[in-house]
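Hello! Here are a few notes on the aromatic rings, with the structure alongside so you can follow each point.

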Amino acid sequence: MDDPKEEVRLLVLQHLAGLALDEASALQMGQARLSGNRPLLACLQLMAVDVRQPPLLRQEAFNCLINLSSHPTVASSLQSVEACVGMICDEGGAFAERALMLLSNLSKLESGRTALWPHWDRMVAQVNGDEPYLASLLADLTADAWGRDWLWAKLGDRLYPLGVDRLADASLIRRGGALTALYNCLHDTGQHARLLAFEEGDEGAGRLVAQLGGRLACPQSQFDADDLDRMPLEISLESRHQPVESDLLLRLRVVECFLLLCSTWLGREHLRKQYIYPVLREWHKLETDEEIKQTTEKVVEMIIRDDCPEADTPEQ
């Protein structure tokens, strides 16, 4: 690390980045100290954000930190949130993506989320809104009730900060982050009326249910003419050629989002009006995972039963 030759320092960093993937090695690196009793973690963090360092060295220092931060015990020792935000906002460029990758690991910890959220607006204003790791960060921030309260306050009359328009994105990270953020927010049953009010407006009509249902509809779905006529237009058109959600965990998240909507009468009634039943019926025939099939059955049972507003419990 202290060798005067850049190529030697680069080889050391590349070796450390590989070692950091192993948890036992990462834990040792978290405790390691260099000459002068300098903590290795602190040196890596300084090197990653120091604009005077050669770009290749900074890149490998970031790779080390990203790999190390994938282990929660080591991540809790890193103090990189504000430095990463500062780099994203002040420097941008090629290292902004790596800084976001590091933040997406640190935000898995409550301490990381607490340090991150005050800087969200400043950071988002400086980066490309298509950056996939922003969706991952949003998913982590909404894991806490205070994070969801913060997001609800920001939504105003717009649904897109929830990532509803990203649920079919080609990037697994982006659509996974958007879907997880939506799933987290649907736990706030007191906000279902607000979400469904967006659905009834011209801008958001049917978007939430259509985007969710679209992840389960595919060319193999056997819809009849009545099904196609009554379900959201986006599903009836896109189901002919779009692939179903390929990731098993995300398919489960989609069905769990429907189940959370079913926790309020407004949500159940909206799913009936949107005629989402045929999508669930057909996907149940095609799904191979037993947990997803069972969760789908729960949703169907709740939307086909006799129902009334009084069926909701006081807590909901």
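Predicted model: local features only at pLDDT ≥ 70, side-chain atom pairs only at ≥ 80, totals over all residues.

1. Which residue lies over the face of F95? R58 does, at 4.3 Å from the ring centre. A charge counts as over a ring if NZ of Lys or CZ of Arg is within 6 Å of the ring centre and within 35 degrees of the ring normal.

2. Residues are numbered from 1 along each chain as its sequence is written, and side-chain values use heavy atoms, with hydrogens and water left out.

3. Searching the whole structure gives three aromatic pairs (Phe, Tyr or Trp rings, the six-membered one for Trp, with centres within 6.5 Å; planes under 30 degrees apart are stacked, over 60 edge-to-face, the rest tilted). F62 and F95 are stacked, because their ring centres are 6.3 Å apart and their planes meet at 25°. This pair links distant parts of the chain, with F62 in helix 4 and F95 in helix 7, 33 residues apart (helices are DSSP runs of H or I, at least four residues, numbered from the N terminus). Both F62 and F95 are buried (under 20% relative accessible area; exposed is over 50%, partly exposed in between, with a 1.4 Å probe and protein chains only).

4. W117 and W146 make a tilted pair, 5.9 Å centre to centre with 45° between the planes. W117 is partly exposed at 34% relative accessible area, and W146 is partly exposed at 29%.

Notes. Helix = DSSP H or I, 4+ residues; strand = E, 2+ residues; numbered from the N terminus.
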